[in-house]
Structures are given as C-alpha cells and as structure tokens.
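Me: I would like to learn how to read salt bridges and helix packing in a model. Please take me through them one feature at a time.

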Amino acid sequence: MRVDQQIRTFEQILKNYDGKLPLHRFLVTYYKANKQMGSSDRRWASRYLYSYFRLGEALIGEDPVTRLAVADFLCHDTLSLVAEQKLPTLTEEVGLPVAAKLALIEDLFPAFKIGDVFKLHAKISEKIDKDLFLQSFFTQPDLFIRSDEQSIRDIHQMLSAEEIEVKSIGSHTLAMPNGVKLEQLLPQGYHYQVQDLSSQKTGDYFQPQQYDYWWDCCAASGGKSLLLHSLQPKIQLLVSDVRESSLHNLDERFHQAGLKKYQKKALDLLQNNEADLHDYEFDGIILDAPCSGSGTWGRTPEMLSFFEDFKIEYFSKLQKSIASNVVQYLKKDKPLIYITCSVFKAENEEVVAFLEANAGLKLEKMDLIQGYTEKADTMFVARFIKV
Ligand SMILES: C[S@@+](CC[C@H](N)C(=O)[O-])C[C@H]1O[C@@H](n2cnc3c(N)ncnc32)[C@H](O)[C@@H]1O
C-alpha cells in the first residue's frame with residue numbers, strides 16, 4: 001500500500017473514532033464494515049492508530065500526520081512509510097532505545113514535552129518514577145499467563161518451539177509479546193490464566209489460611225478469586241459483583257480451574273445489603289475496586305486522549321463508599337485487601353487515609369506495583385486489618 005493510501009485510511013478511521021468504544025472493539029467493527037481492506041491494510045491501520053494514541057497530548061499543535069510519524073517512530077523499531085516520509089533525517093535511528101529516540105524528537109520538535117503524553121501526571125502517586133512511567137507509553141505491554149509449575153514449563157517449551165519470544169518470571173508466570181494466539185498454539189487441556197504480572201503480585205498481600213471464609217466483593221470474572229484459590233485451595237468463598245453478566249463468565253473460568261465450591265451473589269455495594277448478608281462474617285475481603293484503570297492505559301492508549309478528569313473524583317468517592325460499606329462484614333483482626341489498577345493518588349493513598357480515619361481499619365502495608373518497568377500494568381494494593 002502506498003503511503004498516501006495508508007495516510008488516507010488512518011485519517012478516515014481517526015475521524016470516525018469518538019472514544020466511546022475501546023479502540024480494539026471499534027477497529028474490529030470498522031474492519032468488518034470495510035471488507036475491501038486486506039490483512040496488511042488492517043495491520044498497518046491498527047499499528048498507526050495505536051501508535052498515534054500513545055502520544056497522548058504531546059505535540060498537539062502539529063498536524064495529525066506529523067504526530068503519527070513521531071509516534072510511530074517512537075513506538076516501533078521498524079520503519080513505517082509515514083515515519084520515513086515525514087522524518088527523513090531519523091530513518092537510521094529507528095532501532096535505538098525509546099529514551100534515545102525521545103531525545104532526538106525533542107531536538108527536532110522543541111514543543112515536544114514528555115509530560116504532555118499523560119496530561120494528568122501531576123495527580124499520580126508519588127512512588128511512581130514519572131520519567132519511566134511516561135516513557136513506558138511508547139512500549140506495548142506484554143501478555144502474562146499464570147499456571148502451576150509443570151504447566152508453565154510445558155507451555156514455555158511449546159511456545160519456544162513455535163519461536164515465540166517467551167520469558168519465565170518465577171516458577172508460575174510467563175511473559176510474551178501481546179497478540180500471541182495461545183488458544184491456537186497450545187493443545188486443549190492446558191490450564192492457565194491470562195493475568196497481568198502486577199495483578200498476580202497483589203496475591204502476595206492475601207495470605208489466606210486453610211478453611212478461611214473470603215469474600216471477593218468486586219469479582220467480575222473472578223481473576224483475584226482464582227489467584228486466591230491458587231494460593232490456598234482450602235478456602236470458602238463468596239463472590240459478588242454488581243454486574244450479573246460478568247459473574248456468568250466467572251462460572252466458566254472457575255469450572256475450568258477446578259474451583260467448584262463457592263457462593264455467588266449479584267450485589268450493589270452502594271446499597272444496603274443487609275437482607276442478603278446479615279449473618280455473614282468473613283476472614284478476608286478482597287476489594288478490587290472499580291477505578292479509572294489508568295495503570296492499564298499502556299494497553300488502551302486511546303484513554304490518554306479520551307479520559308475525562310472529573311472521573312477521578314467520581315471513582316475516589318465510589319471506592320470510599322464501597323470500602324466503608326463492606327467492612328461491617330469483616331471479622332475483627334482480619335484483612336481487607338484494597339486493590340486498584342490506577343496511578344492516581346486520589347484512588348490510592350487518599351482512599352487509604354480516608355479508610356484509616358473513618359472505617360475502623362488499620363493499614364498494615366501498601367504498595368504501588370510499578371508494572372511500567374516490566375511491560376506490565378501499574379497497580380496499587382493495600383492490606384488493612386479491622387480494628
Ligand atoms: C476492577 S473490576 C474487578 C476485576 C476482578 N476482580 C478481576 O480480578 O478480574 C471492578 C468491578 O467492580 C464492579 N463494581 C462497580 N461498581 C460496583 C458496585 N456498586 N457494587 C459492586 N460491584 C461494583 C464492576 O462491575 C467491576 O466488575
């Protein structure tokens with residue numbers, strides 16, 4: 001495809017995309033409606049759109065095609081036609097590390113400010129290394145899977161045999177480039193969970209005991225419950241979520257993982273749930289809270305442009321209300337694990353301070369899991385004890 005045609009396609013898609021759907025879903029629909037696009041056209045269009053959004057608001061004064069060229073140059077180590085046409089002096093440098101390429105772009109475009117990539121950077125938790133975090137947006141995060149030791153060894157071998165660049169992390173985790181089609185590459189019968197590395201690390205905070213009764217109160221399709229169960233199979237479990245539809249998905253996953261004994265309820269944790277929960281008392285609660293998801297925007301870079309600032313406060317209030325509401329069902333001296341995939345102070349440290357002051361909880365430890373150094377999501381986890 002000639003460069004003019006690539007640019008026309010890019011501009012056409014950009015004009016039609018309003019951020020209401022996640023970009024990957026929008027592109028699937030777009031390609032279905034535009035069947036004349038061959039697979040190579042689709043690949044280039046996806047690469048261009050994703051690269052473009054990784055620039056956030058940087059160089060917002062430049063025209064979109066120049067911005068695309070800069071973004072594509074920063075995100076890839078192979079040259080695109082657009083980068084070649086628009087940045088002819090940099091064609092030899094495309095293989096350099098991101099930090100070096102950023103310096104070249106800053107020279108060429110004095111208006112380029114790395115802070116503009118993530119315009120809300122003043123609101124992020126202090127523990128985050130801002131430079132590394134901002135730079136990480138130009139690298140696509142990896143795909144991570146978790147399984148038992150033997151399966152991880154077998155899967156590693158099978159993927160290596162297919163020449164997939166796969167890396168072991170500890171004995172239960174593999175990292176590989178995003179987009180690897182595991183279901184096509186692995187024979188049936190291998191059980192593994194696709195779960196981000198930082199999400200897996202939150203499990204270090206659970207510390208469940210045999211025969212404990214735990215509540216995963218924002219369970220969605222059960223990622224944290226499955227992690228909990230892998231740490232301690234002999235637990236009792238209640239899972240709930242406000243969305244019944246996500247809980248159906250959970251049944252399927254639990255079944256495949258051999259998690260058979262659990263209770264399930266659709267509960268809105270902003271309401272009074274006494275009718276459903278009055279005689280419940282838990283040995284542990286996992287609150288994987290609804291949040292901005294800003295720690296995962298490396299996977300959904302369109303959010304850098306479409307997220308609306310007021311939502312941070314909205315989520316912060318929601319998190320405080322939900323956490324305050326569930327504490328009443330926790331036994332004294334037992335843990336509440338508070339988790340977000342957000343980088344904003346208002347959803348992390350500020351919620352912790354609020355809960356310590358108002359909810360009868362004492363902070364035992366907290367951490368900002370810096371996934372941006374490991375091609376993973378950035379997450380926050382706090383372990384409280386009910387006083
Ligand atoms: C971060 S997701 C949970 C992800 C899940 N724990 C996992 O590991 O895959 C947050 C969940 O909170 C749920 N949620 C949002 N508002 C809620 C409410 N008022 N009551 C209960 N659940 C709520 C959402 O439906 C969503 O599934």
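**Salt bridges and a helix pair**

Reply: Asp196 forms a salt bridge with Arg299, with 2.8 Å between the closest N and O atoms. A salt bridge here is a side-chain nitrogen of Lys or Arg within 4 Å of a carboxyl oxygen of Asp or Glu. This is a predicted model, in which local features need pLDDT of at least 70 and side-chain atom pairs count only at pLDDT 80 or more, while totals for chains, interfaces and linings use all residues. Residues are numbered from 1 along each chain as its sequence is written, and side-chain values use heavy atoms, with hydrogens and water left out.

Me: Which parts of the chain does the pair of Asp196 and Arg299 tie together?

Reply: Side chains of opposite charge can pair when their charged atoms come close. Asp196 sits in the loop between β4 (193-194) and α10 (197-201), and Arg299 in the loop between β8 (284-288) and α14 (303-306), so the pair ties together parts that are 103 residues apart in sequence. Helices (H or I, at least four residues) and strands (E, at least two) are DSSP runs, numbered from the N terminus.

Me: Is Asp196 buried or exposed?

Reply: Buried means under 20% relative accessible area, exposed over 50%, and partly exposed in between (1.4 Å probe, protein chains only). Asp196 counts as buried because its relative accessibility is 11%. Arg299, at 27%, counts as partly exposed.

Me: How many salt bridges does the structure hold?

Reply: The structure holds 16. One of them joins the side chains of Arg47 and Asp72, at 2.9 Å from N to O. Arg47 lies in helix α3 (residues 39-54) and Asp72 in helix α4 (residues 64-75), so this pair ties together parts that are 25 residues apart in sequence. Both Arg47 and Asp72 are buried.

Me: How do the axes of helix α2 and α3 cross?

Reply: Two packed helices are described by the angle between their axes and the distance between the axes. Axes are lines fitted to C-alpha atoms, for helices over the stretch in contact, and angles run from 0 to 180 degrees between N-to-C directions. The axes of helix α2 (residues 23-33) and α3 come within 11 Å and cross at roughly 150°.

Me: Which residues make the contact between α2 and α3?

Reply: Contact means heavy atoms within 4.5 Å. From α2 come Leu23, His24, Leu27 and Tyr31, and from α3 come Arg42, Ala45, Ser46, Leu49, Tyr50 and Phe53.
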